[in-house]
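This report sets out the features of the structure shown below. Chain folds, packing and selected residues are treated in turn.

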Amino acid sequence: MKKILALMLALAMVFALAACGGTETETQAPSTDAPATEAPATEAPETEAPAAGGIAKEDLKVGFIFLHDENSTYDLNFLNAANAARDALGFTEDQFIYRTNVPEGQECYDAACELADMGCNIIFADSFGHEDFMIQAAKEFPDVEFCHATGTRAHTEGLDNFHNAFASIYEGRYLAGVAAGLKLNEMIEAGEFTADEAKMGYVGAFTYAEVISGYTSFYLGAKSVCPTVTMDVTFTGSWYDETAEKEGANKLIANGCKLISQHADSMGAPTACEEAGVPNVSYNGSTIAACPNTFIVSSSINWEPYFEYMINCVLNGEAIAADWTGTIATGSVVLTEVNEAAAAAGTADKIAEVQAALEDGSLHVFDVTTFTVDGAAMDSYMADVDTDADYTPDTEAISDGYFHESEYRSAPYFDLRIDGITLLDEMF
Amino acid sequence: MPMNKQQQAPLFHISKRKALPWYQAWGIRGAAIILALVVCAVATTLMTGEDPIQVYITMFEGAFGTSRKIWILCQNIAILLCVSLAVTPAFKMRFWNLGAEGQVLAGGLATAACMILLGDSVPNWLLICIMIVASIAAGAIWGLIPAFFKAKWNTNETLFTLMMNYVATQLVAFFVIVWEVPKGAGKIGIINQSSEAGWLPVIGGQKYLLNILIVAALTIGMYVYLQYTKHGYEISVVGESERTARYVGIKVEKVILRTMLLSGAVCGIAGLLLVGGTDHTITTTIAGGRGFTAVMVAWLAKFNPIFMVLTTFLLSFLDRGASEISTIFGLNSSFGDILTGIILFFIIGSEFFISYKLHFRTSGKKEG
């Protein structure tokens, strides 16, 4: 019996501890302050068909499915955008329903169906692994619009009410790369190293298109102002692993990298750079508070324009695009303020100039004249745009002299290994 | 805190009660729940400023608000109950099987392997038969390995089963990478979404009904097995005292092996129901900690499969209610976990006061 008692007490303590841990980390829950007075759970009104001439604003309900809660920077970015869209469009709190901590499994399907039961006209999910379950729910509720970030299947699934969205973040990374190249030039001029030694380091999460597209555009941005630059890339095999990201950055610095950037969600790489005094181009938002001496600039995706787009479509009775790619022009791809303390002089002006060229179409990030693969220029590349188990290349992506990234579907599919970039390892 | 038999009496001491009449025992449990609700109400008001009554109503609606919610609740109960049923015979034998998580994963992985590798090549009925055999075998083997070492060399089964969980998790992680779609996604996604090959049949138009019926049958089966069969009796004798069991001629090693085979096999069925019945995918987290929650379920119900229906109901209800609170009130989901923690704390505590009595030095004051 003692064992029973011990076990039970242990369990009780585990629960108590887990509960305590939760409160400490609870920072600013986006909508805690104002209480939602009525519980709309039970009414479950019949959802009206949104396509038929739109619906009244006060009848609209939007459901959001988040993989984690506000303690994850990834989900916080979506939560903040949803709150911003709600305020900008003038909706009340109980018209936006948030489900947090929804795993990428049957729970996602259940959550989507419950939101539909509650009368949501639009249901949005933020994580790649939610896609299959959103499609399952979309088939069951043809009158509800299902929108999914980062997914790849909307354009081949043939459902009128399932949509993918992403942003042309490669443009943002290209601009950030320009800032990196200028910094390298400044350091070369100051005699810190020779032009041939100009090598950057990049800490990526996984070796697949989303990350490859990101680091390649970053590299091309740097190369456009600093032609001799090369780059080493290392992968952590995780979207969030502070230790691995920090170690990766330290390894790159030890290998002679003069500037570091990253595509992963922790503060690992930026803090490693600050400690080593190596300039850093960040991602997902400014890290200037933690890295005042080394932070140059950061690119990130702002989801608010997409949320406003999908809501306005439903309000006006218009169809939502199967694939929606946010750009610099839509305000979906944003750069933080340049940190004058770390960046080269004139960085902000140069970024503005390049951004204008990207926006008016005179400049393309993946211009085939700016890079080679195995020593040869590319004039044709079949990309794997339509998702299938065998990764069959199916779509010609190069035309008019550049690689058309994020045009045939919203999620990135650029996965060429271009010259000048060395992959130290691979991680799937 | 050893209580030495000295002249100085301790401030209080604990003694085992005689069995309480059922109405007193349930009275203590009822009081504990009321107390728990009061503490939760105070916590809610202090921490969030929400109306506690409204919070309780929301919890209730989260579990029962719509027919879909009731089905989901029943499904959650069914899967948790299935895993709890699986660990029960082992626990009754005082074999600390903390490896249910891994055994469920092994069963699920076998199911997924059949669905992916044989999906197009064999007829559906045959595929489902193969899946059933494979999942049960995989779970059983995963349970048998620690039992074998325990029976042969008396290894520590707690550590062994616990570590088998990690092996299973890594195996699943490995095969997720092998079968991921698209490459680099780190996810298998829904298996055979278009052909629905290997999906367990939907009966009566209700996705979760089959799972619920299977687990209901398992519950009755397990009750009969533990209560009325020779095997069940042997399990309780081994659990009470291995020496006694040996003395009366029970082959303890054989009982350990047989019971863990059963325990693992039922976990394998849980894996089958999860992968083949509802989720149609496999992830490293598909067992969702149920292997450990099941430990609590089994203990709270004192290894009685019929009571376990009640305890799984309680835990699943709290879980669903907590998630509804965070959605409706826009609170962090940790707040729902706090309420669940408080309620469980009191319920587990009440079991203590049902079995034990506190004696204070000065007076015969009791707590209940």
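## Backbone at a loop residue of chain B

In this predicted model, B:Arg94 is partly exposed, with 15 other C-beta atoms within 10 Å. B:Arg94 belongs to the loop that runs between H3 and helix H4 (100-118) of chain B. The phi angle of B:Arg94 is near 60°, a positive value in a residue other than glycine. Most residues other than glycine have a negative phi.

A:Asn284 is not a glycine, yet has a positive phi of about 75°. The loop that holds A:Asn284 lies between strand S9 (280-283) and strand S10 (295-301) of chain A.

A:Asn284 is buried, because 20 other C-beta atoms lie within 10 Å and the cut-off for a buried residue is 20 or more. For B:Arg94 the corresponding count is 15, and that residue is partly exposed.

## Overall make-up of chain A

Chain A contains 11 helices and 17 strands. Buried residues make up 51% of the 428 residues of this chain. Among contacts in chain A with a separation of 6 or more, 68% join residues 24 or more positions apart.

## The parallel sheet of chain A

An open sheet of six strands in chain A has the order S2-S1-S3-S4-S5-S11, with parallel pairing. Strand S2 (96-99) and strand S11 (323-326) of chain A are the edge strands; each has a single partner strand, so one side of each is left without a neighbour in the sheet. On average, neighbouring strands of this sheet are turned by 20° against each other, direction ignored.

Four bridges join strand S1 (residues 62-65) of chain A to S2(A) in the parallel sense. Within that pairing, A:Val62 has A:Phe96 in S2(A) as its bridge partner. Strand S3 (residues 122-125) of chain A likewise pairs with S4(A) in the parallel sense, over four bridges, and A:Ile122 has A:Glu145 in S4(A) as its bridge partner.

## Burial of strand S4 in chain A

Strand S4 (residues 145-149) of chain A is mostly covered, with five of its five residues buried. Both faces of S4(A) are covered. One side carries A:Glu145, A:Cys147 and A:Ala149, and the other carries A:Phe146 and A:His148, all of them buried.

The domain assignment divides chain B into domain 1 (15-50 + 334-368) and domain 2 (73-300). The C-alpha centres of these two domains of chain B are 33 Å apart.

Helix H3 (residues 67-92) of chain B packs against helix H10 (residues 252-279) of chain B at an angle of about 165°, and their axes are 6 Å apart. H3(B) is therefore roughly antiparallel to H10(B), as angles over 145 degrees count as such. The crossing of the two helices, H3(B) and H10(B), is left-handed. The residues of H3(B) that meet H10(B) include B:Gln75, B:Ile79, B:Cys82 and B:Val83; on the H10(B) side, B:Val266, B:Cys267, B:Ala270 and B:Leu273 are among those involved.

B:Ile212 is part of helix H7 (residues 209-228) of chain B. This residue is partly exposed, with 18 other C-beta atoms within 10 Å.

Not counting residues up to four places away in sequence, B:Ile212 touches B:Cys74, B:Gln75 and B:Ala78. B:Gln75 is also one of the H3(B) residues that meet H10(B). B:Ile212 and B:Cys82 are separated by 130 residues in sequence and by 9.5 Å in space, C-alpha to C-alpha.

Notes: Residues numbered from 1 in each chain as written. Chains lettered and ligands numbered in written order. Predicted model: local features only at pLDDT ≥ 70, side-chain atom pairs only at ≥ 80, totals over all residues. Domains from an automatic or database assignment. Buried ≥ 20, exposed ≤ 12 C-beta atoms within 10 Å, placed from the backbone. Contact = placed C-beta atoms within 7 Å. Pairing = 2+ DSSP bridges. Axes fitted to C-alpha atoms, helices over the stretch in contact; angles between N-to-C directions. Parallel < 35°, antiparallel > 145°, perpendicular 65-115°, else oblique. Left-handed = near helix turned anticlockwise from the far one by under 90°.
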